[in-house]
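Here are my notes on this one, point by point. Have a look at the model first, then read on.

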Amino acid sequence: MSQEFITINTTEPTAIKIKVEPYSLVEEENSILYEKIPSFNFDSGVDVKEVSDRLKETLKVHRAYGIAAPQCGLQYRIIVIGAEEEYMTMINPEIVSMSEECVVLEEGCLSLDRKSTRLNSSHTD
């Protein structure tokens, strides 16, 4: 029985692209969208990186700028915001301060299909 060996040049970086499956979005009527979601439990065994990667992929598919795990039917307090290749995952986010100054923005929601509204949003520096 002969053996074959493959030599890999380890001095050159190799990019392996792994296909990440996006989540499906829940419908507006789904009660999870209206629940207070408990803090994410890091001891739960849930792979946070996988959840984050799939949320990012869901954003890309829907050409959105932000998504929360409950919009995909997940009872995790995890959100992902960003665009292109600049994303930020927040786990158990909390608003700790707000400016008195407000900015009016047009906001849409992936879970509320084709609905958008103008919101007063606290100004950030």
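This is a predicted model: local features need pLDDT of at least 70, side-chain atom pairs count only at pLDDT 80 or more; totals for chains, interfaces and linings use all residues.

1. Residues are numbered from 1 along each chain as its sequence is written, and side-chain values use heavy atoms, with hydrogens and water left out.

2. Leu 55 also turns up in the largest nonpolar core, which has 13 residues. Along with Tyr 23, Val 51, Ile 67, Cys 72, Leu 74 and Ile 78, Leu 55 touches the most other members. (Such a core is a set of buried Ala, Val, Leu, Ile, Met, Phe, Trp, Tyr and Cys residues joined through side-chain atoms within 4.5 Å; buried means under 20% relative accessible area, with a 1.4 Å probe and protein chains only.)

3. Who supplies this core? Helix 1 and strand 2 each bring at least two residues, and helix 1 gives the most, with 4. Helices (H or I, at least four residues) and strands (E, at least two) are DSSP runs, numbered from the N terminus.

4. As for the sheet, it is open, with 3 strands in the order 1-2-3 and antiparallel pairing. Strands pair if DSSP finds at least two bridges between them. Strand 1 (66–68) and strand 3 (86–91) are the edges, each pairing on one side only.

5. Strand 1 pairs with strand 2 (residues 78–83) over 3 bridges, in the antiparallel sense. Ile 67 stands opposite Val 80 of strand 2.

Definitions and conventions
Buried means under 20% relative accessible area, exposed over 50%, partly exposed in between (1.4 Å probe, protein chains only).
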